[in-house]
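Have the structure open and follow along as you read.

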Amino acid sequence: MVFCQGPGDRRWVLKTTRPQLANVGMVSLSQTEPKTITVLMFSEQVRMEDIKTWLQQRSTVIHGYEMRDEDGIRTGGRRFFVQLKRDLRTGEIQHLPPVIQLGAIRGHVFYPGQPKICHRCGSQQHLLAECHNIHCRNCDSKEHLTKNCPDPVKCNLCGESGHTFKTCPSSYANRVKKTPNFMKAKRQMKKVFPIF
Ligand SMILES: [Zn+2]
Ligand SMILES: [Zn+2]
Ligand SMILES: [Zn+2]
């Protein structure tokens, strides 16, 4: 059941004009209609699982797949079905950033209804080509560039500082490494090919 769909919805009007009903359906405000998201990252190294982890921190991922052309060749595009979140207090949809970066690899995120925002500073007033703002991608500061950030580098997969994407415990590569089967396979490889 979904309450308070948006400003055009009658129940929304009810909520805003009758404050005593403000808390009605607040829990269901946390989800929206599912959206089809396209993520373009032209690198074979980027795993679906890592893009999913990135999306999952900002939305609810239902499922996803890699896009292929008619010959079955991967195009670099990945498609996900997600539910965007809403801010529980303001009711505003929490849109996804238009740029995804995992390690040194950057990609783009597209979906219908996505607000047009500057890919550098996030402003809705201009696009990247007209942007004169300074913005740090590490700490979100408007005072310095990313390369001059005084803060420790934050992981661009999980957002925590103290490690990078490469060493992130949430990355697919590092999660797989921890599983017993991987360790067993690695030991066996060592026996057969001591060079590894
Ligand atoms: Zn800008
Ligand atoms: Zn900074
Ligand atoms: Zn991390």
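Predicted model: local features only at pLDDT ≥ 70, side-chain atom pairs only at ≥ 80, totals over all residues.

How accessible are the cysteines here? Cys136 has a relative accessible area of 0%, so Cys136 is buried. Cys139 is partly exposed because its relative accessibility is 24%, and buried would need a value under 20%.

## The site of ligand 3

Now move on to the zinc ion (ligand 3). Its donors are Cys155 (SG), Cys158 (SG), His163 (NE2) and Cys168 (SG), and they sit at 2.1 to 2.4 Å. Along the chain, the donors of ligand 3 follow the spacing C-x2-C-x4-H-x4-C.

Why is the arrangement around ligand 3 called tetrahedral? The four donor atoms subtend angles of 103 to 116 degrees, and tetrahedral asks for all angles to lie between 85 and 135 degrees. As for burial, Cys155 and His163 are both buried.

## Salt bridges

Time to switch to charged side chains. How many salt bridges are there? The count comes to four.

One of them pairs Glu49 with Arg47, with the closest N and O atoms 3.7 Å apart. Glu49 is partly exposed because its relative accessible area is 28%, and Arg47 is partly exposed too, at 37%.

Another salt bridge joins Arg89 and Asp87, at 3.8 Å from N to O. Which of these two partners is buried, and which is exposed? Arg89 has a relative accessible area of 70%, so Arg89 is exposed. Asp87, at 18%, is buried, because the cut-off for buried is under 20%.

Finally, have a look at Glu66. The side chain of Glu66 meets that of Arg74 in a salt bridge of 3.2 Å, N to O. Arg74 counts as partly exposed because its relative accessibility is 37%. Glu66 is partly exposed as well, at 24%.

Which residues are linked in a network of salt bridges? They are Glu66, Arg74 and Arg78.

Technical notes. Residues numbered from 1 in each chain as written. Chains lettered and ligands numbered in written order. Heavy atoms only, no water. Buried < 20%, exposed > 50% of the residue type's maximum accessible area, 1.4 Å probe, protein only. Donors = N, O, S within 2.8 Å, 3.2 Å for Na, K, Ca; no water. Tetrahedral: all angles 85-135°; square planar, octahedral: opposite > 155°, others 65-115°.
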